Amino acid sequence: MTVTITNRGRVDEWTLTCDPDAGNHPSPRAACGFLDTAKQWGENPFEPTPSETVCAEVFGGEETATVTGVWEGKPIDANFNRTNACEISRWSNAIPLLVVQGD
């Protein structure tokens, strides 16, 4: 899979494969561990927040992320951001995958 993070004009793009943990992601072991845990709990970390969800209007930052590829044999094309409380929570849960490097 490919993880692309955009933050204030800077774009970082990493590849990630699991079993074995590899790619140029800054922490493939943590990212794959996150995905393994989601799988064990029967969760899909790439599902968007349902459109009918009421979310607090708070702004968590300009970062955005896109994750594309295949997970559990299914294609993924997920977008992450921090534009409201629901999206901040979703981003925070996926931190091992969405590592943001310092400037």
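Is D12 buried or exposed? With a relative accessibility of 15%, D12 counts as buried (buried means under 20% relative accessible area, exposed means over 50%, and partly exposed is in between, using a 1.4 Å probe and protein chains only).

## Before we dig in

This is a predicted model, where local features need pLDDT of at least 70, side-chain atom pairs count only at pLDDT 80 or more, and totals for chains, interfaces and linings use all residues. Residues are numbered from 1 along each chain as its sequence is written, and side-chain values use heavy atoms, with hydrogens and water left out.

## The sheet

Let's start with the strands. There are 4 of them in an open sheet, lined up as β2-β1-β3-β4 with antiparallel pairing. Helices (H or I, at least four residues) and strands (E, at least two) are DSSP runs, numbered from the N terminus, and two strands pair if DSSP finds at least two bridges between them. At the edges stand β2 (10-15) and β4 (74-81), each with a single partner strand, so one side of each has no neighbour in the sheet. From one strand to the next, the twist averages 10° (axes are lines fitted to C-alpha atoms, for helices over the stretch in contact, and angles run from 0 to 180 degrees between N-to-C directions).

Now walk across the sheet. β2 and β1 are antiparallel and share 6 bridges; β1 and β3 are antiparallel too, with 5 bridges; and β3 (residues 64-71) is joined to β4 by 8 bridges, again antiparallel. Over in β4, K74 is the bridge partner of W71.

## A helix and a loop

Which strands does helix α2 lie across? Helix α2 (residues 85-93) lies across β1 (2-7), β3 and β4, and runs at about 120° to β4.

G60 sits in the loop between α1 and β3. Setting aside neighbours within four places in sequence, G60 is in contact with R82 and I88 (contact means heavy atoms within 4.5 Å). G60 and N84 are 24 residues apart in sequence, and their C-alpha atoms are 6.9 Å apart in space.

## Rings and charges

How many aromatic pairs does the structure hold? There is 1 aromatic pair. The rings belong to F46 and W71, arranged edge-to-face with 5.5 Å from centre to centre and 70° between the planes. F46 is in the loop between α1 (28-40) and β3, while W71 is in strand β3, so the pair ties together parts that are 25 residues apart in sequence. For the rules: rings of Phe, Tyr and Trp (its six-membered ring) pair if their centres lie within 6.5 Å, and planes under 30 degrees apart count as stacked, over 60 as edge-to-face and the rest as tilted. F46 and W71 are both buried.

The D12 side chain makes a polar contact with the side chain of R10, at 3.3 Å. A polar contact is a pair of N or O atoms within 3.5 Å; within protein, one must be able to donate a hydrogen and the other to accept it, and residues adjacent in sequence count only if both atoms are side-chain atoms.

Most residues other than glycine have a negative phi, and most peptide bonds are trans. D19 isn't a glycine, yet D19 has a positive phi of about 60°. D19 lies in the loop between β2 and α1 and counts as exposed, at 68% relative accessibility. A cis peptide bond, with omega about 5°, joins D19 to P20, and P20 is also in the loop between β2 and α1.

E72, in the loop between β3 and β4, has a positive phi near 55°. With a relative accessible area of 45%, E72 is partly exposed. R8 also takes a positive phi, near 50°, in the hairpin of β1 and β2, which has 2 residues between the strands.
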